[in-house]
Amino acid sequence: MSVDLRHHTTLTPAVRRDLLDVYTDVRAPLLHLPNYGVAAFTERLERHTADPGFELVLGYHGDLPVGYAYGNSVDADDPYWKRMAEPLPDGFTDDPALAVKEIGVRAPWRGTGTARRIHDALLARRTEERVVLMVNPLAGDGKVQRLYEAWGYREFNAQAPTAQSPRLAVMIRPAR
């Protein structure tokens with residue numbers, strides 16, 4: 001299945017619609033949970049698009065959006081670091097990192113390498129030396145975290161970004 005990758009740094013109405021279409025399909029089993037509902041996602045998306053260095057990669061099979069990944073730069077003052085469960089080593093946040101905020105791929109494209117291609121395309125244009133992401137260790141009975149480990153990530157901390165969210169593993173790897 002060929003997938004065309006498109007980079008975006010702003011969300012036009014069409015791009016927003018395509019992203020929401022993929023999100024609601026990918027997260028359908030979880031949409032009843034407060035942290036995964038469309039309203040909660042849309043609120044996060046609004047914040048993330050306003051953050052420094054926002055970038056989205058959408059994958060398309062023909063005209064059908066099939067997957068996405070997006071993130072933004074986080075520097076020393078970003079609240080991202082302040083919610084960590086364990087103190088960070090001195091100097092850890094001196095250099096900005098890319099925080100991957102969301103990755104999602106529709107079921108027919110899972111296991112095809114599409115998620116990895118979209119992820120790698122997001123990293124390809126970035127200048128940050130490190131990339132971080134959060135994952136629910138229970139997602140897919142641990143399968144999602146193991147996938148990220150196969151991509152070179154290692155768990156280094158934890159956080160619960162909101163009162164409604166589960167405790168998430170924070171993972172890191174070099175951007176290249």
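Modeller: Start with Y23. Y23 is buried, with a relative accessible area of 0%. Keep in mind that this is a predicted model.

Colleague: What does the ring of Y23 pair with?
Modeller: A search of the whole structure finds seven aromatic pairs. In one of them, the ring centres of Y23 and F41 lie 3.8 Å apart with the planes at 10 degrees, so the pair is stacked.

Colleague: Where do Y23 and F41 lie in the chain?
Modeller: Y23 lies in helix α1 (residues 13-26), F41 in helix α2 (residues 38-50). The pair therefore ties together parts that are 18 residues apart in sequence.

Colleague: And F41, buried or exposed?
Modeller: Buried, with a relative accessible area of 0% for F41.

Colleague: How are the rings of F54 and Y70 arranged?
Modeller: Their centres are 5.5 Å apart and their planes at 50 degrees, so that pair is tilted. F54 is in the loop between α2 and β2, while Y70 is in strand β3 (residues 64-74). F54 is buried at 6% relative accessible area, and Y70 is buried at 0%.

Colleague: Which residues form a ring cluster?
Modeller: Y80, W81, F92 and F156, linked by ring pairs.

Colleague: New topic. What is the overall fold made of?
Modeller: The protein chain has five helices and seven strands. From the N terminus, the order is β-α-α-β-β-α-β-α-β-α-β-β.

Colleague: Why call it compact?
Modeller: A compact globule of 176 residues would have a radius of gyration near 16 Å, and the protein chain has 15 Å, which agrees. Buried residues make up 47% of the 176.

Technical notes:
Residues are numbered from 1 along each chain as its sequence is written. This is a predicted model: local features need pLDDT of at least 70, side-chain atom pairs count only at pLDDT 80 or more; totals for chains, interfaces and linings use all residues. Side-chain values use heavy atoms; hydrogens and water are left out. Helices (H or I, at least four residues) and strands (E, at least two) are DSSP runs, numbered from the N terminus. The radius of gyration is taken over C-alpha atoms; the globule rule is 2.2 Å times the number of residues to the power 0.38. Buried means under 20% relative accessible area, exposed over 50%, partly exposed in between (1.4 Å probe, protein chains only). Rings of Phe, Tyr and Trp (its six-membered ring) pair if their centres lie within 6.5 Å; planes under 30 degrees apart count as stacked, over 60 as edge-to-face and the rest as tilted.
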